Amino acid sequence: MSLPDAAVVGAGPNGLAAAVILARAGLKVTVFEIGATPGGGARTSELMEPGHWHDVCSAVHPMAVAAPFFRDFGLAERIELITPDISYSHVIDGAKAAFAYRDLDRTAASLGADGAAFRSLMKPLVTHSRDVLDLTMNQLLRLPRHPVSALRYGLRSLEQGSAAWNMRFKEYLAPALLSGVMAHTPGGLQRPVAAGAGLMLGSLAHAVGYPLPVGGSQAIIDELVRDLKNHGGKLVTGHKVNSLAELTDARTVLLDTSPQELVRLAGGRLPRGYAKSLISYRYGPGAGKVDFILSEPVPWANAELARAGTVHLGGTREQVAASEKDIARGRHSEKPFVLVSQPSVFDATRAPAGRHILWTYCHVPQGSTRDMTDVITAQLEAAAPGFSDVVVASKSMSAAEYEQYNPNYVGGDFGTGAVDVAQLLARPVLGTKPWKTPLDGVYLCSAATPPGPGVHGMAGYHAARLALKEDFGLPMPALGP
């Protein structure tokens with residue numbers, strides 16, 4: 001096979017972001033994908049019945065409009081996005097729920113005695129959300145470009161990630177609402193890293209909303225592939241790269257893979273210390289996912305929940321913290337925190353007339369083989385009595401099956417690595433250029449590099465920018481439509 005200037009292994013959001021950048025810089029680029037279709041963490045498939053389109057991993061995408069790469073790429077101008085008025089909601093018990101509306105003031109007004117405290121916590125982060133993203137979407141070992149915003153964000157993360165997390169609150173709605181977005185980062189709630197990620201996601205709920213791509217997450221991937229091909233790039237699917245030796249004719253190689261896969265592909269060429277660091281790279285809890293086909297929308301006890309793009313099931317802050325602590329300690333929770341989205345309520349293309357799809361998952365211990373259908377169904381029944389009566393079909397994916405789906409998701413961790421302070425600073429190794437490996441022209445561009453998990457393309461962005469500078473002496477190209 002004739003090889004290009006640059007070879008990219010893996011056609012997930014990060015790999016494709018890197019490929020688009022390199023192709024737009026005028027390089028010949030080929031992307032190799034082991035799967036039959038591109039997508040990785042943003043693939044949409046007919047998992048059960050024809051015409052019912054389920055997101056296999058990610059479903060809701062604030063980063064599609066907020067992440068610097070996608071802003072520059074103009075993704076919101078290229079694909080159709082539907083942004084619900086309620087970004088996310090959190091069910092405390094039955095019909096009792098808290099709501100994060102697009103409008104911060106409306107959200108605060110709905111939170112009773114804690115409304116003013118919630119507004120004071122979130123307002124600076126919402127107003128300066130781009131400053132917060134500049135900090136979180138880049139490598140942390142650098143001076144922040146917006147120190148005042150970074151200080152505000154850091155202090156709030158320390159507060160919400162410590163024993164002082166309820167200090168400013170009097171009731172339970174606002175703390176529960178915050179706990180829901182904090183629990184997106186598995187490993188335990190009362191940690192500055194979880195709080196920081198949650199505050200970022202929480203601020204985006206009001207700054208840009210939580211968009212759903214029409215047609216599913218695959219729409220993001222399809223647009224990246226379209227742009228790649230429009231600039232001369234190639235995508236080869238169903239192709240497994242077994243060794244970097246297969247790609248030696250390419251001047252630059254970017255790997256959207258796990259650190260351990262880099263070790264395997266290198267075949268003993270990596271320096272011993274670097275290889276040891278990659279092998280010891282740690283992974284977090286896995287995901288147990290259940291997709292449903294429904295005969296009608298979820299019969300929520302609180303009808304307002306139907307207007308939310310994302311629903312969190314988990315109870316009070318203390319209950320969410322307890323269930324996530326169980327998972328962090330390697331135990332299944334019998335009442336886990338569950339993330340829920342029903343895209344077909346907003347996007348009629350996702351299911352035939354008279355049908356709906358439902359996307360759910362919860363955290364489970366590393367490598368779990370447990371089918372979480374009954375547990376998740378019980379959580380849904382508690383918030384939506386009669387839910388089981390509208391279920392037409394369901395399909396579960398255990399944490400172990402997630403790893404089979406994508407080798408990057410070791411043990412079912414679709415964040416490709418534990419998210420804690422140590423692995424934010426050393427992801428996968430400590431350094432100012434963590435995307436660059438000791439091998440000439442070889443870069444790692446997966447979620448195992450900064451800025452970590454999420455459909456944002458930023459790991460690919462950073463790796464590609466570094467490769468353009470160091471291997472080709474080229475500047476970053478324009479990325480707009």
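**Close-up views of a predicted model**

**View 1. Phe69 and the residues around it.** Leaving out residues up to four places away in sequence, Phe69 touches Ala17, Ile21, Leu224, His456, Gly457, Met458, Tyr461 and Leu479 (contact means heavy atoms within 4.5 Å). This is a predicted model, where local features need pLDDT of at least 70 and side-chain atom pairs count only at pLDDT 80 or more, while totals for chains, interfaces and linings use all residues. Residues are numbered from 1 along each chain as its sequence is written, and side-chain values use heavy atoms, with hydrogens and water left out.

**View 2. The largest nonpolar core.** Val29, Phe69 and Phe70 touch the most other members of this 96-residue core. A nonpolar core is a set of buried Ala, Val, Leu, Ile, Met, Phe, Trp, Tyr and Cys residues joined through side-chain atoms within 4.5 Å; buried means under 20% relative accessible area (1.4 Å probe, protein chains only). Another core lies apart from it, with 28 residues including Val311, Val364, Phe387 and Ala399.

View 3. Strands are DSSP runs (E, at least two residues), numbered from the N terminus, and two of them pair if DSSP finds at least two bridges between them.

**View 4. Strands 13 and 14 side by side.** Strand 13 (residues 338-341) pairs with strand 14 (residues 356-364) in the antiparallel sense, over four bridges. Look for Val340, which stands opposite Thr360 in strand 14.

Definitions and conventions. Buried means under 20% relative accessible area, exposed over 50%, partly exposed in between (1.4 Å probe, protein chains only).
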